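Keep the structure open as you read.

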Amino acid sequence: MDGILGRIVAIVLGLLALVGIAYAGYNGFQTHKAGVVATNLTQLITNARAGFSQGNNGYTNFTTANIAAMVTGGMFPTDMVRGTTLVDPWGNAVTLSSANNGSQGVITFGGGNAQTAKQCVSAAVGLKDYVTLTVGSTSFNQANLPDQATAGAACSATATFALTFQ
């Protein structure tokens, strides 16, 4: 009887350990998505600056309507491209536009109740080198960068990001 009880306890403890490992892996994957956002947008902004900022039109042609042509030109990180559309790591559509008479580019992503509030905060504090970053209805700029508290107040699972760069 003691042998059977010992085996049952060992099996239960083994299953609990597997659940713990799976949960830690899941949390790591969720945090990873916010890091992918920062990496992808940094690469996209670098490519957009090289491809648009020196032209006569500035960022005027940096629009969602021109995504197919920009995909052909290699503008985007490959994991953002789904055919002729762009998506963020949460599967939401990414839209592009220009602002300030074409002198700035705008990237809109997130929302759709796909990200967690924790991922939203990680993405907000991980993004750098922008003119403005709007998270939900809260705007940040280089003089007012988000931190854990301000990003936490702005973030939710449905918060949309709008990043404006020059």
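Asn-40 touches Pro-77, Asp-79 and Met-80, leaving aside residues up to four places away in sequence; contact means heavy atoms within 4.5 Å. Asn-40 sits in helix 1. Helices (H or I, at least four residues) and strands (E, at least two) are DSSP runs, numbered from the N terminus. Asn-40 is buried, at a relative accessible area of 8%. Buried means under 20% relative accessible area, exposed over 50%, and partly exposed in between (1.4 Å probe, protein chains only).

This is a predicted model: local features need pLDDT of at least 70, side-chain atom pairs count only at pLDDT 80 or more, and totals for chains, interfaces and linings use all residues. Residues are numbered from 1 along each chain as its sequence is written, and side-chain values use heavy atoms, with hydrogens and water left out.

Now the core. The largest nonpolar core holds 37 residues; Phe-62, Leu-96, Ile-107, Leu-127 and Val-135 have the most contacts inside it. Such a core is a set of buried Ala, Val, Leu, Ile, Met, Phe, Trp, Tyr and Cys residues joined through side-chain atoms within 4.5 Å. The elements that each supply at least two residues include helix 1 (2-52), strand 4 (104-110) and strand 7 (160-165). Helix 1 gives the most, with 8 residues.

Take Phe-62. This residue lies in the loop between helix 1 and helix 2. Its relative accessibility is 0%, so Phe-62 counts as buried. Among the residues that Phe-62 touches are Leu-44, Ala-48, Met-70, Leu-96, Ile-107 and Phe-165, not counting residues up to four places away in sequence. Phe-52 is another contact of Phe-62. The two are 10 residues apart in sequence and 7.6 Å apart in space, C-alpha to C-alpha.

Ile-107 is next. With residues up to four places away in sequence not counted, the contacts of Ile-107 include Leu-41, Ile-45, Phe-62, Val-94, Leu-96 and Leu-163.

Ser-97 stands opposite Val-106 in strand 4. Gly-105 has Phe-165 in strand 7 as its bridge partner. Strands 3 and 4 form a hairpin with 4 residues between them, and Asn-100 in the turn has a positive phi of about 55°.

Why is strand 4 largely enclosed by the rest of the structure? Because 6 of its 7 residues are buried.

Key. Two strands pair if DSSP finds at least two bridges between them.
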